[in-house]
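User: Please examine the model shown below and answer some questions on it.

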Protein chains: 2
Amino acid sequence: MSFFDPLKKALRKEGLRYTQQRQAVWDELRATDDHRDAEEIYLALRNSGFKVSRATVYRTIDVLVKNNLVRKLKLGDGHARFEHKVDSAHHDHLICAQCGKIEEFVDDVIETRQNKIVEELGSKLIRHIHQLFVICKECQTA
Amino acid sequence: MSFFDPLKKALRKEGLRYTQQRQAVWDELRATDDHRDAEEIYLALRNSGFKVSRATVYRTIDVLVKNNLVRKLKLGDGHARFEHKVDSAHHDHLICAQCGKIEEFVDDVIETRQNKIVEELGSKLIRHIHQLFVICKECQTA
DNA sequence: TATTTTATTGAGATTGAGTCTCAGAAAATA
DNA sequence: TATTTTCTGAGACTCAATCTCAATAAAATA
């Protein structure tokens, strides 16, 4: 709500208005550290009694992603998932193919090699996707 | 066409029949080393005079992917791309975000670190996706 | 080979995530 | 308050991919 509120800052930058709906979507995204899809965010808001449309949820998330407040994850199951980036450094994901659990990982060696590969080709790295699909410890013993 | 023909082998394994359509889709996939989507494969077949439906193209590709003859790539643009795996070792992809050009890379150090990360969590690696989105050399100077 | 059985095919319907439209609502501005 | 501009929501629409089911082709059998 402060002057440094990242939502308001992003909206100002984009020349967009501050609205109840946009605040609500942003609040809902920060409510958990899960990786939820747009429908889950939409339903969470509806179930909490807040009236909002799917269109607005999608539109708001787009703005948040564009302004680096939210990360969009495509894990190949046909619907994008989102995680807020508050207090969250860069990381990649490790997904259990059986139970769907998502863990995060970072590896400096990998990051360095990645940069080297790109550099040697004379290219400029924009972003990367690194996803490890596994059977997690629990699913193996179960 | 031989006894070791990988298509026939895969079909046998799956308990499926050998048909002209399945042969044609497999032939078309091997015709280039590009990363084409289902529609491009479909159109290439139609343009060469072969009558086949989209449904059959999709269904056949599924069998080929399942049997490790074709690799399915999701690059985030909403339609999967495919590449045959004949004489092709494991590799990951580097995609120019501007011109769409796709290059391949492998890095043993990255592969090793990947395995280590998974191992330390007690998980078992099934598959991975590693995509580097870049601006390629040509697009930078252009 | 002819016949029967079973799987495959194709045209088009359907699905589902995501986007678009546009009239009414809400916010900014005068 | 009046006027202008942006935002919202309901539902239509898009598009890749999947499904349906009658017709067809392949395999099995006689």
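Analyst: By class, the surface near DNA strand D has seven nonpolar, six polar and six charged residues; Ala, Val, Leu, Ile, Met, Phe, Trp, Tyr, Cys and Pro count as nonpolar, Asp, Glu, Lys and Arg as charged, and the others, Gly among them, as polar. The model is predicted: local features need pLDDT of at least 70 and side-chain atom pairs pLDDT 80 or more, while totals for chains, interfaces and linings use all residues. Residues are numbered from 1 along each chain, chains are lettered from A in the order written, and side-chain values use heavy atoms, without hydrogens and water.

User: How many residues surround DNA strand D?

Analyst: A residue is near the strand if one of its heavy atoms lies within 4 Å of it. The closest include A:Arg17, A:Thr56 and B:Ala80. The number surrounding DNA strand D is 19.

User: At what distance from a phosphate oxygen of DNA strand D does a backbone N or O atom of B:Ala80 lie?

Analyst: A polar contact is a pair of N or O atoms within 3.5 Å. For a backbone N or O atom of A:Ser53, the distance to a phosphate oxygen of DNA strand D is 3.0 Å. For B:Ala80, the corresponding value is 2.8 Å.

User: Is α2(A) roughly parallel or roughly perpendicular to α3(A)?

Analyst: Helix α2 (residues 20–30) and helix α3 (residues 38–47), both of chain A, pack at about 110°, with axes 10 Å apart. Angles of 65 to 115 degrees count as roughly perpendicular. Therefore α2(A) is, relative to α3(A), roughly perpendicular.

Methods: Axes are lines fitted to C-alpha atoms, for helices over the stretch in contact, and angles run from 0 to 180 degrees between N-to-C directions. Helices (H or I, at least four residues) and strands (E, at least two) are DSSP runs, numbered from the N terminus. Angles under 35 degrees count as roughly parallel, over 145 as roughly antiparallel, 65 to 115 as roughly perpendicular and the rest as oblique. A polar contact is a pair of N or O atoms within 3.5 Å; within protein, one must be able to donate a hydrogen and the other to accept it, and residues adjacent in sequence count only if both atoms are side-chain atoms.
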